[in-house]
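User: Hi! Could you walk me through this model?
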Amino acid sequence: MSVEAPVNVAKEIAEALKDAEEYPVRDWDALKIAKEPGIYMFCEGGRQLYVGSATGQAGIEGRLRRQVRPKGIEDYSWTPENPPPKGVRDARNLLFHVLVDDYGRAPKPPWENAEDITALNNAFKRIHGMAVRWVKCPDKDTAIRAEHCAICLLQPEYVAK
């Protein structure tokens with residue numbers, strides 16, 4: 001197979017993301033999210049915020065689960081006495097960008113500072129008010145290529161560094 005064929009497939013998938021159905025993040029429990037590799041995009045108020053690829057074993061569903069923290073989706077009540085789990089960390093993903101956008105910086109674990117924990121709670125509250133869309137890919141390599149194509153095509157506000 002030539003290099004051109006996978007690039008063309010990736011471009012088609014990136015273009016499909018632009019028109020993919022959009023779902024409210026807060027409706028997580030009702031969503032039937034693909035467990036295959038793919039790409040996804042978070043949107044807010046008609047703005048395209050963040051494009052990512054899902055290449056792990058749990059596919060798109062697993063990647064989105066890490067991005068939005070669906071357990072306790074309406075519970076933004078972490079405190080210094082009841083801090084977020086270790087799995088919630090500063091990364092160059094949607095959470096990082098929302099924290100920098102709203103708070104001016106991305107606090108890092110350990111989550112001991114009440115102001116940092118409040119910022120984290122508010123960031124997840126904002127993420128849960130967003131919408132998400134996704135498109136499946138035939139394999140991980142195509143998902144990575146499609147992510148790069150989608151970033152170029154859709155020019156989301158937040159781009160991983």
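Analyst: Happy to; we'll go through a strand, a helix and the cores. This is a predicted model, where local features need pLDDT of at least 70, side-chain atom pairs count only at pLDDT 80 or more, and totals for chains, interfaces and linings use all residues. Residues are numbered from 1 along each chain as its sequence is written, and side-chain values use heavy atoms, with hydrogens and water left out.

User: Is strand 4 buried or exposed?
Analyst: Five of its six residues (131–136) are buried, so strand 4 is largely enclosed by the rest of the structure. Buried means under 20% relative accessible area with a 1.4 Å probe, protein chains only; strands are DSSP E runs of at least two residues, helices H or I runs of at least four, numbered from the N terminus.

User: Which way does strand 2 pair with strand 4?
Analyst: Antiparallel, over six bridges; pairing takes at least two DSSP bridges. Within that pair, Ile-39 has Val-135 as its bridge partner.

User: Switching topic: what caps helix 4 at its N-terminal end?
Analyst: Asn-113 does, with a side-chain oxygen 2.6 Å from the backbone nitrogen of Glu-115; a polar contact is a pair of N or O atoms within 3.5 Å, and within protein one must be able to donate a hydrogen and the other to accept it, while residues adjacent in sequence count only if both atoms are side-chain atoms.

User: And which residues touch the most others in the largest nonpolar core?
Analyst: Phe-42 and Leu-64, in a core of 32 residues. Helix 4 gives the largest share, six residues. Such a core is a set of buried Ala, Val, Leu, Ile, Met, Phe, Trp, Tyr and Cys residues joined through side-chain atoms within 4.5 Å.

Terms used
Buried < 20%, exposed > 50% of the residue type's maximum accessible area, 1.4 Å probe, protein only.
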